[in-house]
Amino acid sequence: MAPNTSRSREPGAVPLRKRPDTPLSGFVSGCRAIAFALFAAVFLVTSRADAAQAREILREDERSMLAFVAAAMDVRVDPAEPLPVVHLASRTTLARFREAMAPQWGFRPHVIINAYAVASNEIYLDDASEYYKRMHRTLDDSLAHELVHYLQVRYRRLDLTDESCEMEAVTIQTAYREHLALMARFARGARHEKNRSS
Ligand SMILES: [Zn+2]
């Protein structure tokens, strides 16, 4: 009985062959063109949004930054002590950040923010330019801040929930930012003198 059933379906295929003559085909291709244009527009808007998300880069060397921070804290850096691994938000995953921070904070964060993960000895940094422009800070001085927390934990065995830890980190972060600004001013002055003498 099966062959009969399949034959009985054949007439149903006729309208399909006739489709190019119907006005519906114009409507369908019009819809396709609109869908394609919409897709292209969405793609353009999305890629523009990605381009607008400017990212900061670290300009200073982590070792010399650590030396500055350690001197400010009167800590002697032990070369055998492992340095923290630095993760930039644009190059890591929220899942990894959550896993690192949830036991320490007691909740699962929704976004990657600047933090020192004690158990995994990692530093996470939000590298979105917009944040630093708004806060008048730099990615470098944020790393200096987290390096203070690293030294507080690994060398002084302090508990980061202690408010004095955050106060010390902010103070040294500010000192480091001013130090960098001073260095930049010296470099500009030196270039100016060189140009005058040549
Ligand atoms: Zn802090």
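**Exercise 1. Determine which residues A144 touches, leaving aside residues up to four places away in sequence.**

Solution. In this predicted model, A144 touches M65, V69, I172, Q173 and Y176 once residues up to four places away in sequence are set aside. The largest nonpolar core has 22 residues, and A144 is listed with V69, Y124, L147 and V148 as having the most contacts inside it. Two or more residues of this core come from each of α4, α5 (94–105), β2 (115–117), β3 (122–125), α7 and α8 (163–197). Helix α7 gives the most, with 7 residues.

**Exercise 2. Check what distance the ends of helix α7 should span, and state how many of its residues are buried.**

Solution. Helix α7 covers residues 139–154, which is 16 residues. The expected span is 1.5 Å times one less than the number of residues, so the helix should span 22 Å. The end C-alpha atoms are 22 Å apart, in agreement with this expectation. As for burial, 14 of the 16 residues of α7 are buried, so the helix is mostly covered.

**Exercise 3. Decide whether L83 is buried, partly exposed or exposed, and locate L83 in the chain.**

Solution. First, L83 is found in the loop between α4 (62–73) and β1 (85–88). Second, a residue is buried with 20 or more C-beta neighbours within 10 Å and exposed with 12 or fewer. L83 has 15 such neighbours inside 10 Å, and therefore counts as partly exposed. Third, the C-alpha atom of L83 is separated by 9.9 Å from that of R154, although the two residues are 71 apart along the chain.

**Exercise 4. Examine the phi values of H136 and R157, and classify both residues by exposure.**

Solution. Most residues other than glycine have a negative phi. H136, which is not a glycine, has a positive phi of about 55°. R157 is likewise a residue other than glycine with a positive phi, near 55°. H136 is found in the loop between α6 (129–135) and α7, and R157 lies in the loop between α7 and α8. H136 counts as exposed because it has 7 C-beta neighbours inside 10 Å. R157 has 7 C-beta neighbours inside 10 Å and so counts as exposed.

**Exercise 5. Describe the overall arrangement of the protein chain.**

Solution. The chain contains 8 helices and 3 strands. Along the sequence their pattern is α-α-α-α-β-α-β-β-α-α-α. Of its 198 residues, 18% count as buried. Among contacts between residues at least 6 apart in sequence, 64% join residues at least 24 apart.

Technical notes: Residues are numbered from 1 along each chain as its sequence is written. This is a predicted model: local features need pLDDT of at least 70, side-chain atom pairs count only at pLDDT 80 or more; totals for chains, interfaces and linings use all residues. Helices (H or I, at least four residues) and strands (E, at least two) are DSSP runs, numbered from the N terminus. Two residues are in contact if their C-beta atoms, placed from the backbone, lie within 7 Å. A nonpolar core is a set of buried Ala, Val, Leu, Ile, Met, Phe, Trp, Tyr and Cys residues joined through C-beta atoms within 7 Å.
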